[in-house]
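I opened the model today and kept notes as I went. Here is what I looked up, in the order I did it.

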Amino acid sequence: MKTHYLQFTHIFGSALLLSLSVQSAENWTRYDAPPTGSKVTIEGTSNFPGHERWTLEGLIIGGYVEMDPTFDSAPKPGNVSARALVTIPVRSLKSGKAPMDSVMQQTMKQTDHPRIQYRLTEMLLKEAPKSPEGPYQFDTKGELTVAGVTNKISMPVSMERIDKTKLKFSGSTPIKMTDYGVTPPSPLGLGLFIKTGNEVKIIFEWITVQRAETAK
Amino acid sequence: MKHRMKKEENITEQNRRDFLKGGSLATLMMLMGGVSIRAEDKPKTEEGGTNFKTTGAPLNCAVIGCGTWGRELLKELARLPNAPVLAICDNYEPFLRRAKDSAPKAETFTDYLKLLEKKEVQGVFVATPSHLHKDIVIAALQAGKHVYCEAPMATTVEDARAIAQAAQAAVKLHFQPGQQLRSDPQRHALLGFVRTGSLGRTALARAQWHKKQSWRRTSSNPERERELNWRLLKATSPGLIGEIGLHLLDMASWFINAQPVSVTGCGTIIQWNDGRDVPDTIQAVVEYPGGIKWSYDCTLVNSFDAEYEMYYGSDAALMIRDNKAWMFKEVDAPQLGWEIYARKDSFYKERGIALDANATKLKAIGKKATEAAGPEEESPLHYALEAFISNSTATGAAVEDFASLYDVSDAKALATYLAGIKKTMTPCAGYKEGFEAAVTAIKANESILKGQKVTFQKEWFEIG
């Protein structure tokens, strides 16, 4: 399902966030993304000789996750009360080649839609972890917005407790560019029109740190 | 005089190198023999199947110092689609007038501090005489401008260190010294060959720059003539090794992958005894760890064989001229594998194997290696300026992106993020490489002037 990022959605989203933040102050434990330690990789394919597989890499993933503070005291398979909002600036994704970055930013309509966003809507613990540090294996559902188009996606996510206040989430999911209104780019190189594959894979490692005022 | 590689021939007298470039180079190389090595091709047009621009965001530029080299920068900037020049500055009116040829819309300034007040200017090129760089570069960084500082960064270690410290502190800005070869794709391809051991064990290296010219500028105004000829006096000039040799000396340190241990030099005024005290002919031997020595000679007295570099290893020798390189393999050298794709050339006394670094890519698109065996299309300066524009805008964008998610006053986190971003940027020299090259050249010049060996001290290379 595709939903265009309309002003209404934006206002509604802001109101929802405000309501969530009020709730979080009361009950939930909030973890914020620090500026370092996270990494997102987007892997794709092309017919360009020597670049049959290409990658974009980003080093900042902003946002937060809020969880029921009791979720890991006696974890059981099933729904976990959690919500998250994840933000990645499109320009922060780098290929290592400035012209390719420029193509990617145009492809993803960066000027109009400077951020990739993900909103977690459901989180299901698949089985109890073997230790309190994890890893916790979840099946998640959420809404991914790329180039201004939002789709519902499902993906497995792993969570590890790095220390008392720090969590690391990792996972990956394939997506099709055309599902987000993005035409696979076909720039010219070496006299050839390069064709890029429609399917790409998003791989992430996201670090979050417990906000001081919600620390136990 | 600023850099003096390929572009300089356009602005100076005809010499042997021009003759070589004019069509005989390939023939000469065929006679001498070697293995041709190229960087991979880059896209040749800006638009592709889905109509993309591969040029990045524009950077509003200004050039401070509009002498011969400053005007060369302006000509090259005029060729870039995303480097509008908004302002130019020089304290000599005729230079400003000439500079307007390449930047007709630029506002003119005689005071660089006034130029730096112009908020629209995002990036500044400093092409004044080398001994005047420090104050201008530091003021530009403090004004929030990205800075391209011509090489050498300075003529004293203290000035070079002050510039490096200012660049280091300006976390949100891109600083790039004018070591343009560090941006040349061909050099990066060669670096890969050298660093992966294709030459075997490095034995020695050498380079030369020969050009018969006075290095003197003339003016009807004696005071102006004195200013113009800052390169001819020890008090203001880093000498031939600093103004010319620095680039190849930097290449030697880069290829050998080490800091020099010592330098022994000498210099003499042979031909141009016109009141100058800077030698017109110099020789220097720079020693690297493991006993590897790089020798260099540079003269304004004779033009024979122009400019080239050689690296000698136990398996092969590498010769670099202009933007091309050749590999001369020893008979007992192991097969590297890629030779089977390479062009076979006849040599003066040997027979060798020509190689294109992108042979497999060319094959994949149905081209023969020989069809693409020419030099890179653009000069190292062009690539360096492209890198500066691209990296400056990328740095600015990265700071904005960071600020959109986090507290930008967290300088340590911002610096960590930008350090990661820098790894993805277009290759270029940074303040560290600029500082180290300047220190090496300044100390080499001291050795040349004294005729004594100078042993490099570790603390000389510390930025602090």
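**Entry 1: two helices in chain B.** I'm working with a predicted model, so I keep that in mind throughout. I wanted to know how α9(B) and α13(B) lie relative to each other: what is the angle at which their axes cross? I got roughly 125°, with the axes coming within 9 Å.

**Entry 2: who meets whom.** On the α9(B) side I listed contact residues including G239(B), G242(B), G245(B), L246(B) and L249(B). On the α13(B) side, A437(B), A441(B), A444(B) and I448(B) are among them. I sorted the residues of this contact by class and got 8 nonpolar, 6 polar and 1 charged.

**Entry 3: domains of chain B.** Next I zoomed out. Domain 1 of chain B is made of 6-39 + 183-372, and domain 2 is made of 61-181 + 380-428. Where they touch, 17 residues of domain 1 are in contact with 19 residues of domain 2.

**Entry 4: one lysine.** I picked K145(B), which sits in the loop between α5 (133-142) and β5 (146-149) of chain B. Is K145(B) buried or exposed? I counted 26 other C-beta atoms within 10 Å of K145(B). The cut-off for buried is 20 or more, so K145(B) is buried. Leaving out residues up to four places away in sequence, I found that K145(B) touches L116(B), V121(B), Q122(B), G123(B), V124(B) and A140(B). I also checked K119(B): it is 26 residues from K145(B) along the chain, and their C-alpha atoms are separated by 9.1 Å.

**Entry 5: a look at chain A.** Chain A has 2 helices and 14 strands. I found that 35% of its 216 residues count as buried. Last, I looked at contacts in chain A between residues at least 6 apart in sequence: 62% of them join residues at least 24 apart.

Notes. Residues numbered from 1 in each chain as written. Chains lettered and ligands numbered in written order. Predicted model: local features only at pLDDT ≥ 70, side-chain atom pairs only at ≥ 80, totals over all residues. Helix = DSSP H or I, 4+ residues; strand = E, 2+ residues; numbered from the N terminus. Buried ≥ 20, exposed ≤ 12 C-beta atoms within 10 Å, placed from the backbone. Contact = placed C-beta atoms within 7 Å. Axes fitted to C-alpha atoms, helices over the stretch in contact; angles between N-to-C directions. Nonpolar A, V, L, I, M, F, W, Y, C, P; charged D, E, K, R; others polar. Domains from an automatic or database assignment.
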